[in-house]
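Student: I'd like a close look at one strand and what surrounds it. Please take me through its neighbours and the packing on its faces.

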Amino acid sequence: MKTSIFLLTMILFVAGCDTGKQAKEPLPGSITVSAIRDVTDKHRLWPIANPLLRLYSSKENPDAEYQFRLRTISDKVLTPVSSCRLPDGITTEKENKEDDPQFRKRNISAFYSRVREIVNEFSDPEDSLQSLKNSECIRTICDELVQLAASASTRKYLVVFSDLNEKSDLCDVYNGQGNPAKAIEEAILKKSLLPDRLETITVIFVFDPVDREQDQKYREIAQVYKQLIEKRGGRVFIQADNSSYPL
């Protein structure tokens, strides 16, 4: 009986040691960056690849999974989405048949190159020289937040390049009636377009207004999005440059 108790104690001790070691091993994590650009009107700021790529902090997170998405706000709800993904370092290392010490860095470099290709394909200012009759800002932004909320990524970013002026069946901020910011808030809440929980998501609204009137209108609308998102646990930043973003 004493021998059995001793063996059981040793088994539990060893199991406890193994569990402790496993708990100390950091998981690679996952980082998703989504960008939205607005082609319904002419804008002065567009997505640039390098500032978006810095959100991955690859030096600090070399083995994380990276995901990137880019879509447009247009006069349609259904718009093309371009995306690419780099699996985490543990997964990619399985393909390192030659034991190349630079294998992961080459993977990251290839992913960055693909992101640059996507951004360059989507970021042609000529696309926005002619205004469209409708602008589906609300559904596009909310749909992307739904995607991010459902993602298993540990860090998520949404960078929105738009004046946020809605003209759809949800509301019309161009009709000169009522408060545009209030109309957008009511449209989002009435249709329950936002997820209930937006933790781990950082949203960055980017727009460079041409005058004081446009500046005031934009800030009022952006503030509505900010309040609704932060109420659900997300972080929101509003800025007028596309050269860098808060981590």
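Tutor: Start with the fold as a whole. Among contacts (heavy atoms within 4.5 Å) in the protein between residues at least 6 apart in sequence, 76% join residues at least 24 apart. This is a predicted model: local features need pLDDT of at least 70, side-chain atom pairs count only at pLDDT 80 or more, and totals for chains, interfaces and linings use all residues. Residues are numbered from 1 along each chain as its sequence is written, and side-chain values use heavy atoms, with hydrogens and water left out.

The protein has seven helices and six strands. These are DSSP runs, numbered from the N terminus: helices are H or I with at least four residues, strands are E with at least two. Their order along the sequence is α-β-α-β-β-α-α-α-β-α-β-α-β. Of the 247 residues, 44% are buried, meaning under 20% relative accessible area with a 1.4 Å probe, protein chains only.

Now strand β5, residues 201–206. Six of its six residues are buried, so β5 is largely enclosed by the rest of the structure. Both faces are covered. Ile201, Val203 and Phe205 lie on one side. Thr202, Ile204 and Val206 lie on the other.

Next, the partners. Two strands pair if DSSP finds at least two bridges between them. β5 pairs with β4 (residues 155–161) in the parallel sense, over six bridges. Here Val160 of the protein stands opposite Phe205 in β5. β5 also pairs with β6 (residues 235–239), again parallel, over five bridges. There Thr202 stands opposite Arg235 in β6.

β4, α6 (residues 180–190) and β5 form a right-handed β-α-β unit. β5, α7 (residues 212–231) and β6 form a right-handed unit too. Right-handed means that, with the strands pointing away from the viewer, the path from the first strand over the helix to the second runs clockwise.

Finally, the packing. A nonpolar core is a set of buried Ala, Val, Leu, Ile, Met, Phe, Trp, Tyr and Cys residues joined through side-chain atoms within 4.5 Å. The largest one has 32 residues, and Val203 and Phe205 are among those with the most contacts inside it. Elements giving two or more residues to this core are α5 (137–150), β4, α6, β5 and α7. The largest share, seven residues, comes from α7. A second, separate core of 28 residues includes Phe68, Tyr157, Phe161 and Val206. Back in the largest core, Ile141 is another residue with the most contacts. Ile141 touches Phe205, Val160 and Tyr225, among others.

How values were computed:
Buried means under 20% relative accessible area, exposed over 50%, partly exposed in between (1.4 Å probe, protein chains only). Lists of a residue's contacts leave out its neighbours within four places in sequence.
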